[in-house]
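Subject: Structure handover

Hello,

Here is the structure we talked about handing over. Please have a look at it first; my notes on what was found follow below.

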Amino acid sequence: MKNTKKLAALALGGLLLATSAAGIATASSQLNGSIKITQDNEANYANLASVNIDQAVASALKAQPGQVIKAGLENEDGYLVWGVEIASNNQIHEVKVDAKNAKILKIEKAQPDSQKEGIEEND
């Protein structure tokens with residue numbers, strides 16, 4: 001009986017730990033850049049950025065080598081970033097580069113636009 005209680009306590013502890021770890025992962029997936037966007041006016045993005053497209057692409061390629069598909073300024077979680085799409089090893093990676101200091105904020109696998117369109121049409 002004591003072993004059953006110990007196992008139940010361990011299982012509950014593991015569940016709580018996994019739940020809190022998942023909460024941390026969710027919270028850390030939020031991007032924190034240097035330039036906060038207060039008014040979402042895309043025409044003004046270039047005036048806010050300290051880093052130009054060449055600097056952003058160079059920084060992105062250091063972090064994720066490959067072939068650049070496209071790059072542009074974006075509002076990501078309320079921050080101004082360069083979104084650089086890079087093809088590498090039959091995958092597309094979206095690299096988020098801080099528009100103020102060219103630091104890499106996030107690298108994630110992206111779906112090709114052709115696959116996104118197919119998903120949207122099926123919805």
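**Contacts of E85**

Leaving out residues up to four places away in sequence, E85 touches Q67, V68, I69, K70, I92, H93 and E94. Before going further, please note that this is a predicted model. E85 itself sits in strand β2. Is E85 buried or exposed? Its relative accessibility is 7%, and buried means under 20%, so E85 counts as buried. A further distance concerns G66: it is 19 residues from E85 in sequence, and the two C-alpha atoms are 9.5 Å apart in space.

**Overall layout**

The protein has 4 helices and 4 strands. Read from the N terminus, the order of the elements is α-α-α-β-β-β-β-α. There are 123 residues in the protein, and buried ones make up 27% of them. The protein exposes about 8,400 Å², of which carbon and sulfur atoms supply 52%. Taking the contacts between residues at least 6 apart in sequence, 46% join residues at least 24 apart.

Strand β3 (residues 91-98) runs antiparallel to β4 and is joined to it by 6 bridges. Two facing positions can be picked out in this pair. K96 stands opposite K106 in β4, and E94 stands opposite E108 in β4.

**Loop residues**

Q64 lies in the loop between α3 and β1. Its relative accessible area is 13%, so Q64 counts as buried. With residues up to four places away in sequence not counted, Q64 touches I86, S88, H93, V95 and I107.

S34 is in the loop between α1 (2-28) and α2 (45-48). Its relative accessibility is 36%, and for that reason S34 counts as partly exposed. Which residues is S34 in contact with, once its neighbours within four places in sequence are left aside? They are Y79, D98, K100 and N101. S34 and L80 are 46 residues apart in sequence, while their C-alpha atoms are 7.7 Å apart in space.

Y79 comes up again with K36, which lies over the face of Y79 at 4.9 Å from the ring centre. As for aromatic pairs, a search of the whole structure finds 0.

**Positive phi values**

Most residues other than glycine have a negative phi. Two residues listed here take a positive value instead.

N90 has a phi near 60° and is not a glycine. N90 is in the loop between β2 and β3. With a relative accessible area of 85%, N90 is exposed.

A102 is also not a glycine, and its phi is positive at about 65°. Where is A102 found? A102 is in the loop between β3 and β4. The hairpin of these two strands has 5 residues between them.

Regards

Methods. Residues are numbered from 1 along each chain as its sequence is written. This is a predicted model: local features need pLDDT of at least 70, side-chain atom pairs count only at pLDDT 80 or more; totals for chains, interfaces and linings use all residues. Side-chain values use heavy atoms; hydrogens and water are left out. Buried means under 20% relative accessible area, exposed over 50%, partly exposed in between (1.4 Å probe, protein chains only). Contact means heavy atoms within 4.5 Å. Accessible areas come from the Shrake-Rupley method with a 1.4 Å probe; for residues, only the protein chains shown count as cover. Rings of Phe, Tyr and Trp (its six-membered ring) pair if their centres lie within 6.5 Å; planes under 30 degrees apart count as stacked, over 60 as edge-to-face and the rest as tilted. A charge sits over a ring if NZ of Lys or CZ of Arg is within 6 Å of the ring centre and within 35 degrees of the ring normal. Two strands pair if DSSP finds at least two bridges between them.
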